[in-house]
Amino acid sequence: MDFAPRTVIRNPRRLGVLANPWHALDDGFARGPFAVLAEEDLTVSFDTVEYFTWCAERYRDDPGVLAVTTHQHEAQPGRYAAVRPADWRKDDGWHFWVWGTWADRWKVLRADWGFTYARKGWDWHIRDHWVLGQGLKVMAPAMSRSQHIGRDGGTHATAGQFM
């Protein structure tokens, strides 16, 4: 990445899938008002940076929008230009695959993060409590801008899911 400043942070110990995203976002917000979380087994489209730049500005002042994701389970009307609230009512139709949020919303998520599976993990808790329970929105593109490619050696993505 040669178009923006970058910092590599090497944790002194493995933080795992529950804590590492929290630390990555927390580090991101030490550097700016909007942060994006991307994991190593997700690929993104050519326009992902532009997509996040536009969404960060467009929804910055809308407290009803909790976050922005790049994933859309099924293509929606509007093709590339459309962004709409993700429908996370179906258990198989939602994912936090490369997502971003703002510092003010991070303060709420940060304090409520799940570091155990007591609430099915941080992502399920955000979906169940903040989106479905509190009515906050996560905006998503009409056409997905990310794809999961992790197949082997993952914690939650396993080879059997790719058949």
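A residue counts as buried when its relative accessible area is under 20%. By that criterion, 39% of the 163 residues of the protein chain are buried in this predicted model.

## Overall organisation

The protein chain contains four helices and seven strands. Along the sequence these elements follow the pattern α-β-β-α-β-β-β-α-α-β-β. Among contacts between residues at least 6 apart in sequence, 76% join residues at least 24 apart. The accessible surface of the protein chain amounts to about 9,900 Å², of which carbon and sulfur atoms supply 53%.

## The five-stranded sheet

Five strands form an open sheet with mixed pairing, in the order β1-β5-β3-β6-β4. Because β1 and β4 stand at the edges with a single partner strand each, one side of each is left without a neighbour in the sheet. From one strand to the next, the twist averages 25°.

The pairing can be followed across the sheet from β1. Strands β1 and β5 run antiparallel and are joined by four bridges; Phe 34 stands opposite Trp 102 of β5. Strand β5 is also antiparallel to β3, with two bridges between them, and here Trp 99 of β5 is the bridge partner of Thr 69. On the β6 side the sense is parallel: β3 and β6 (residues 137-141) pair over three bridges, and Val 65 stands opposite Lys 137 in β6.

Strand β3, spanning residues 65-69, is mostly covered, since five of its five residues are buried, each with a relative accessible area under 20%.

## Helices against the sheet

Helix α1 lies across β1 and β5 and runs at about 150° to β1. Helix α3 lies across β3 and β5, running at about 100° to β5.

Helix α4 (122-133) has among its buried residues Trp 122, His 125, Ile 126, Arg 127, Trp 130 and Val 131. In an α-helix there are 3.6 residues a turn, so residues three or four places apart point the same way. The buried residues of α4 pack against α1 (16-29), β1 (34-37), β3, β5, α3 and β6. After α4 comes Gly 135, with a positive phi near 80°.

Apart from residues up to four places away in sequence, Arg 105 touches Tyr 59, Arg 60, Asp 61, Asp 62, Val 65 and Leu 66. Val 65 is also the residue that stands opposite Lys 137 in β6.

## The loop between β4 and β5

Phe 96 is found in the loop between β4 and β5 and is buried, with a relative accessible area of 6%. Beyond its neighbours within four places in sequence, Phe 96 is in contact with Ala 67, Thr 69, Trp 88, Trp 122, Asp 123, Ile 126 and Val 138. Phe 96 and Val 68 lie 28 residues apart in sequence, with a C-alpha to C-alpha separation of 8.8 Å.

Val 98 is placed in the loop between β4 (83-85) and β5 (99-102). Val 98 has a positive phi of about 60°, although it is not a glycine. Lys 120, in the loop between α3 (103-111) and α4, likewise has a positive phi, near 70°, in a residue other than glycine. Val 98 is buried, whereas Lys 120 is partly exposed.

| Residue | Loop | Relative accessible area |
|---|---|---|
| Phe 96 | β4 to β5 | 6% |
| Val 98 | β4 to β5 | 2% |
| Lys 120 | α3 to α4 | 46% |

Note on methods. Residues numbered from 1 in each chain as written. Predicted model: local features only at pLDDT ≥ 70, side-chain atom pairs only at ≥ 80, totals over all residues. Heavy atoms only, no water. Buried < 20%, exposed > 50% of the residue type's maximum accessible area, 1.4 Å probe, protein only. Pairing = 2+ DSSP bridges. Contact = heavy atoms within 4.5 Å. Areas by Shrake-Rupley, 256 points an atom, 1.4 Å probe, with all protein chains shown as cover. Axes fitted to C-alpha atoms, helices over the stretch in contact; angles between N-to-C directions.
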